[in-house]
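Please keep the sequence and the structure at hand while reading.

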Amino acid sequence: MTGLLTVEDVSVRYGSLAALAGVDLCVHDGQRHALIGPNGAGKTTLLNVIGGSRKPQHGRVIFEGRDVGRLGPAARARRGINRIHQRPAVFATLTATENVVVAALPRLTPRRRWWPGGRRRIAQHRAGPLLDQMGLTDVATVPAGHLAHGQRRQLEIAMALAGRPRLLLLDEPAAGLSAVEVGRLVELLQALPRAVAVLLVEHRLDLVYALSDTVTVLRDGRTLAAGTPDEIRTSPLVRQAYADGVA
Amino acid sequence: MRDEVIRRARGAVAALALAGLVVAPWVVDDYTTAILARTLALALVGVSVALLTGVAGMPTLGQTAPYAAGAYACAVVGSQISDVGVVQLAVAAVAGAVLAALTVPLVVHARGVIVLMITLAIGELAVTVLGRWRSVTGGTDGLAGIAAVRPFWGLPVLANDQDRYLYALVVVTVLVGAVLLLLRTRAGLLLRAGRDDETRLRASGHRVPLYLSGAHIAAGAIAGAAGSLLVVAQQYISPADFGFDTSALLLLGVVIGGTASIGGALVGAALVIAVRDWLFGVLPGHAPLVLGVLFVATVYLLPTGVHRARGRWGLPSEPADQPDASPERDQATVPELHR
Amino acid sequence: MMVVAAGSNRIDPYLIPALDGIAYGLLVFVAASGLVFCFGVANILNLAHGMLYAIGGYTAAALFDGGWASLALALTVGVLAAAAAGVLLAGLLAPVAAGNHLSQALLTFGVALAGGSLLVAGFGPDDPQVLVPAALEGSVVVAGHRYAAYRLVFIVVAAVIAAALYLVMRRTRAGMLVRAAVDDPEMVACLGVSPARIRAGVLAAAGALAGAAGVLGAPIIGPGTDTADTVLLLSLVVVVLGGLGSMGGTLLAALAIGEIQTLGVALLPSAAPFLLFAAMAAVLAVRARGLASRWRAA
């Protein structure tokens, strides 16, 4: 296995508070990697650093062998790092199909991006199947602002996949979903193609164990432990960390 | 089904309005025809304001700057180089686009009320320059005696108000049609997406500043072309044509028209300008007072104006949890410029 | 002054414009600081700000007869009238949704239009004559040049106002709150004070500053039909150049604008029309690049 994403010794401080204090992380091709830890451990900050929306004071982010530390979120998305936000972010006045078309455009070649009539083709061949996969075909022509929370979450996943990601960053995708919707979400995420690696931040350990093959535990901005879900589940260190975090 | 009916009805209304505009010069007197021609030019500027304010999400009070650049470029070309309308139109559009391109770095990274402020300063400074650069602009006296224009090589010159009006109508129709077509393409889709959620658009990998720059330059070109129409319609221009009140009136018209709707902007801008012209005709002394009161009243009457902080500019069909997102973003821009 | 006197001949012709520039700049600073409050604290683009200044100017023209007592009266009335106009504006703005900048700007523009028309109706369409205090009518000798005493005193008074503003912002609770609000707009929401009250207070303070500037500065930028537009434009440019919220930046920008409008015109008469534009473009372009890098960093 090759390292798709390598995070080296990343530190982020907000004023005097250290959100990340020298974190190392490696995500391999096609890996399902979960990031867990108590509140304030720096999980979302780490996702921000990888996604490019926060610059670390120290450390490097290497994606597909290249240092992407100087690139902004847009440039990283064009290279294949896509992100699902805690609150679903969709284009409210655009229809579901248009949302996916917009998300698909940056990764197309310029010729295909602006080819006359290409919009319909992208909608048919790219957006259609993705919406179908997410169970959104019935609402394809509905403005995204009118969709329910769970549907918007699914639409956002469709948009992320439309950008042909190599690495998908998921920030608490189950937040605010009903039990039924969470079940669907797990099915969808389990069915993701293996060409896509996933880095998942999630509080619910049942989801983490269902979705991931590798788990990294963060605490106080440091890597506390890493291993398979089984190793983590039985690690006394991790239990201790969670107990402290809750208390 | 209902959408289809609405679309048909809208098309029918637009066709009727266009037919009415075509026969208008034979119904009203010459003076009114000349006023109508000037209103058409201003409505076209209104379209450029709507393109920026509503479609791209960059509210502007400065479109009078490219409008003025186009008008003066057209006047200079008209009196010294060519009397062909198409040439003048092209020169004016290029002048507007160049001015807009020069101001791109000033506006493209700012958002919300800061853009409003910067564009207002740009528009006002442009008027100041017009008033002082006497050798080219004639100063506050303006430029008069601009030669009559012929629409195309080999055609006769536009000698009367009716011809000039019809020329303006044709140009406005063509340009508005082009804008509407452009908005139906992927470019329009991306602009709307950026207005909805710019951060999201960037997160998808789009180069948002590039799109905004493009929209700004295109809007400048349209305003510049409108400037050329103003020269044709009035055969006289002065800095007073491009004042701050013109910007504010156009913005009000665009807001009345629904901000993001091009047709609405045309109607709204034309309406506001017509009301102003009428007021200054019937109440010479107190027109600004009444106009000011009308501004306040209109803001209160606007469906998006009062107690409905929906979306970025109060557009329909925003999701339930969107309202708190827009103030956040607008305010986030304030510290951005703190250095 | 000493240095100038020693170096004399080459600098000489520019001394008077340079002094005028300081007077002009300080005047614009006092006027613009009101706009900074509106913008920084209440997040409102107040297009009626120039009209608030004009209220002060017309008050000075109407009440001031050359004596000190009438100056005090004019100052009091002008400040109160402009502050009252600010409160009225806040009242008119109250029903408009807080985040709707477009509607707010359009409403303030309507008020500016109507208010300007009322001022002209009340005081006549001709630009009124403004006196200077009888005691300051003469001129004093500065480094071998005669300079209007009023302007010199104005520089001192405006500098005192600027210093007082600085102290208020640094040392008082209200000033602290204002700075906090400018830095972090969400702060205001956490204070538990109603936004309507904050808006009224801010617009009253902005009106008072503009009114004071209008009364004291009437001999420099006098009341007239163009006054409101001129002052609004200069204030806007100053606020944008000054970094939208920082007092020091605003002062620097105002002084720069003052010098550009006086010394710049004297030095480069042919480029005069473009100087203001060029200054703004240059500063904003530099800042925009800084912003862009910050943006990527954010």
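The points below take up chain A and then chain B.

1. Basis. This is a predicted model, in which local features need pLDDT of at least 70 and side-chain atom pairs count only at pLDDT 80 or more, while totals for chains, interfaces and linings use all residues. Residues are numbered from 1 along each chain as its sequence is written, and chains are lettered from A and ligands numbered from 1 in the order in which they are written.

2. Domains of chain A. The assignment divides chain A into domain 1 (1-26 + 56-72) and domain 2 (89-165); such bounds come from an automatic or database domain assignment. Taken over C-alpha atoms, the centres of the two domains are 31 Å apart.

3. The sheet of chain A. An open sheet of 4 strands runs in the order S2-S1-S4-S5, with antiparallel pairing. S2 and S5 (66-67) are its edge strands, each pairing on one side only. Helices (H or I, at least four residues) and strands (E, at least two) are DSSP runs numbered from the N terminus, and two strands pair if DSSP finds at least two bridges between them. Helix H1 (residues 43-51) of chain A packs on this sheet and touches S1, S2 and S4. The direction of H1 makes about 120 degrees with that of S1(A), where axes are lines fitted to C-alpha atoms, for helices over the stretch in contact, and angles run from 0 to 180 degrees between N-to-C directions.

4. Pairing of S1(A). S1 (residues 3-14) and S2 (residues 17-28) are joined by 9 bridges in the antiparallel sense. Among the bridge partners, Gly3(A) goes with His28(A) and Tyr14(A) with Leu17(A). The hairpin has 2 residues between the strands, and Gly15(A) there takes a positive phi near 65 degrees. S1(A) also pairs with S4 (residues 58-63), antiparallel over 5 bridges; Glu8(A) has Arg60(A) as its bridge partner in S4(A).

5. Chain B overall. Chain B has 14 helices and 2 strands. Of its 339 residues, 54% are buried (20 or more other C-beta atoms within 10 Å of a residue's own; exposed is 12 or fewer, partly exposed in between; C-beta atoms are placed from the backbone). Among contacts with a separation of 6 or more, 75% link residues 24 or more positions apart; a contact needs C-beta atoms, placed from the backbone, within 7 Å.

6. Thr119(B). This residue sits in helix H5 (residues 113-132) of chain B. Why does Thr119(B) count as buried? Thr119(B) does so because it has 28 C-beta neighbours inside 10 Å. Leaving out residues up to four places away in sequence, Thr119(B) touches Thr60(B), Leu61(B), Gly62(B) and Val107(B). Thr60(B) lies 59 residues away along the chain, yet the two C-alpha atoms are separated by 5.7 Å.

Note on methods. Two residues are in contact if their C-beta atoms, placed from the backbone, lie within 7 Å.
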